[in-house]
Each structure stands twice: as C-alpha cells, then as structure tokens.
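Reader: Hi! Could you walk me through this one in plain words?
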Amino acid sequence: MAKEKKPKIKNGMMQMPDGRMMRVQKMSTPAYMKQHLWLYLLLLPGAIYFIMFRYIPMGGLVIAFKDYSPFKGIWGSPWVGLYQFQKFFTNGDFGMLLTNTLGISLLQLVLYFPMPIILSLFLNEVRHNGYKRVVQTLVYIPHFVSWVIVASLTYQLFNVTDGIINQLYAMVTGHTFNILSNASTFWGLIVGQDIWRETGYGTIVFLAALSGADQEQYEAARVDGAGRWSLMWHITLPAIRSTIIMMLIMRVGSVLSTGYEQIFLMRNDLNIARAETFDTYTYTKGITQGMYSYSSAVGMFKSIVGMIMVMSADRIAKACGESGLY
C-alpha cells in the first residue's frame, strides 16, 4: 500500500497531494489560546512552579561573582569577578569531586539506565493483564519509599553486627565484609539503591511508548514465523528508539548531578573519599560553612556543564537521524 503524502506548507500556501495550492488561514495566538483554554489551565500549575523555583532564583547566581555577605546583601557585597571559580578550579578538591561524580554517573548510565528498558520489554510480553498489573504495582512501590527509609534498609541488610546479607556471607566465607564503610564499594552501593528504587517507576515512560507500537507489524511478523525475541529486537525496540534517545539525552544532561540526599545519608568518615560529590560539596560549603558565593560558583559550573552536555547530546542525536529533545 502506497504511503500517503503529507501536504507541504510554504509561505502560507499548502500544496495538496494532487498538486493544487491552497492558502492556509493562520489562527492568531489569543484565538488559539482561547480555543485550547483548558489545556493552558492544566499547564499553569507546572509553569508557576518552574517560574518560582527554577527561573526567579537564577537571579541570585550573581553572588557567584561577588564576595557575598548576608549583612551587606546581594547588591552591597563587593564584586570579585571570576575569583570564586578560580578558587574552585585550583582547589585540590576539584579533581576528587569530578572523579567521584563522573564515576557514579557513568555507573548509573551503564548499569541503571538500561534496566527500565529491559523491564519494560519483559512486561510488554506478559499476556495476562491481571498478573501484569500486579507486577507493575509491586515494582512501582519502591519509588515512593523515601531515601531515609532506603538508607535504613540498606544499613539493616549490610551492617556487620546483625545484617542478614553479612550473616549469609559469613556462613559461606567465615568472615564478614563491611560494605557500608568500604570506600571501594560505595559507588556500587549507590547504583544498586538506584536500580532497586527507580527501575520499576522508570518503566512508565517506555510502556507508554510501547502502547503506540504498530500491531499490524507484529501480526505480519508472526505470519512470517518470527519468534518473541525477533519481535522484540526488530519491532518493539525500534518502536521506542526515539523515547530511549530522549531519555538518554536528559540523563546525559544530569551527569554532574548525582543527587544530594541519597549520598549524604550513605556517606561516613571511612568512605567519604569516594562519596564526596558536587551536590554534597555544595551543601557542605554553602550551608554548614557559610561560603555562599563559593558554593554558588560550584553549582553554576555544574549547571553550565549540564546544559552543554544536553545540547551536545541533542546535536549528536539529530546527526544520527533522530528527532532529538528540542
């Protein structure tokens, strides 16, 4: 069956499939907004949230170029230019922070990012709707458990005194292993928590994308004798490829954002050499030590790098033939 050609619009004129040209009447912006009023009302709470908590606070980044003092205020504090950034880059902590942050982020990208995709593919193959809904509910639940509870559960499982995992390990090897205070295992512990907590909830986006897959392709492939693995590889995965690319771009953009609460709860004096990241460092310097301008410079550097990574990943995706993020 021949694919129907879409009308081409150029200079306000639309070319029909039969070659005729028709003028397109453009709707004014107020009329368009009035026609879709309820959609804009649904958009309003989210827009207000981002304006109040994301865009307006960006004005406070000016203190990254000042020696800010709460007593003098933002405009009363003296300008210091790029001094805070120079202080940060020449600080001995920069290399440690970059190594730890990138190490955790790359592990999350390699180990955690594919897990929701794999789980979505398996759930899509379940034919019993009741069983499928039960499984989805069970794998969604960990997402709603706070990081405080996750940290407590981790401690109860792995502590050397009465942790069930360490007890089983001692039964096999004859000795315990203090994973909670071992710096070499900290990155793996953090990524393991991410996989347990977020894998199920991450399937929502991919299952929604799978719902739009062309069922006629599945039927035609089954007639040709394709098995489940062939259907998954040649039809299911291409159907969600654009969604995977979009989520990957967003993930790459947060490569320097490992999260504050989770790491802060799991770190201690013995593993801090592998646990200090940009997020925890910003909290320590800005809140506990009162270095407001310095911590703002650190946060600004992280945001700029994230923006560059998103734009670069989007350009690469478009160069490879994908639609990209914007």
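Predicted model: local features only at pLDDT ≥ 70, side-chain atom pairs only at ≥ 80, totals over all residues.

Reader: Nice. Is lysine 302 buried or exposed?
Author: Lysine 302 is buried, at a relative accessible area of 15%. Aspartate 279 counts as buried too, with 14% relative accessibility. The reason is the cut-off, because buried means under 20%.

Reader: How many salt bridges does the count come to?
Author: The count comes to five salt bridges. One of them joins the side chains of glutamate 276 and arginine 267, at 2.7 Å from N to O.

Reader: What are the accessibility values for glutamate 276 and arginine 267?
Author: For glutamate 276 the relative accessibility is 9%, which counts as buried. Arginine 267 is buried as well, with a relative accessible area of 17%.

Reader: Why can side chains like that pair up?
Author: Side chains of opposite charge can pair when their charged atoms come close.

Reader: Got it. Which residue forms a salt bridge with glutamate 125?
Author: That is arginine 127, where the closest N and O atoms are 3.8 Å apart. The salt bridge cut-off is within 4 Å, so a distance of 3.8 Å passes.

Reader: Where is glutamate 125 placed?
Author: Glutamate 125 is in the loop between helix 6 (114–124) and helix 7 (129–140). At 10% relative accessibility, glutamate 125 counts as buried. Not counting residues up to four places away in sequence, glutamate 125 touches Arg228 and Met232.

Reader: Then how do helix 6 and helix 7 pack?
Author: Helix 6 and helix 7 pack at an angle of about 160 degrees, and their axes are 11 Å apart. That makes helix 6 roughly antiparallel to helix 7, since angles over 145 degrees fall in that class. The crossing of these two helices is right-handed.

Reader: Which residues of helix 6 and helix 7 meet?
Author: From helix 6 there are Leu119, Leu123 and Asn124, and they meet Lys132, Val135, Gln136 and Val139 in helix 7. By class, the residues of this contact divide into four nonpolar, two polar and one charged.

Reader: Changing topic a bit: at what angle do helix 6 and helix 10 cross?
Author: Helix 6 and helix 10 cross at roughly 55 degrees, and their axes come within 7 Å. The two helices are therefore oblique to each other, and their crossing is right-handed.

Reader: Which residues are in the contact of helix 6 with helix 10?
Author: On the helix 6 side they include Met115, Pro116, Ile117 and Leu119, while the helix 10 side includes Phe206, Leu207 and Leu210. The contact of helix 6 with helix 10 has nine nonpolar, six polar and no charged residues.

Reader: What about helix 5 and helix 10, at what angle do they pack?
Author: Helix 5 (residues 93–112) and helix 10 (residues 186–210) pack at about 40 degrees, with their axes 10 Å apart. Helix 5 is therefore oblique to helix 10, and the crossing is right-handed.

Reader: Last one! Which residues meet between helix 5 and helix 10?
Author: Among them are Thr99, Asn100, Gly103 and Ile104 in helix 5, and Phe186, Trp187, Asp194 and Glu198 in helix 10. By class, the contact of helix 5 with helix 10 has nine nonpolar, six polar and two charged residues.

Definitions and conventions. Residues numbered from 1 in each chain as written. Heavy atoms only, no water. Helix = DSSP H or I, 4+ residues; strand = E, 2+ residues; numbered from the N terminus. Buried < 20%, exposed > 50% of the residue type's maximum accessible area, 1.4 Å probe, protein only. Contact = heavy atoms within 4.5 Å. Axes fitted to C-alpha atoms, helices over the stretch in contact; angles between N-to-C directions. Parallel < 35°, antiparallel > 145°, perpendicular 65-115°, else oblique. Left-handed = near helix turned anticlockwise from the far one by under 90°. Nonpolar A, V, L, I, M, F, W, Y, C, P; charged D, E, K, R; others polar.
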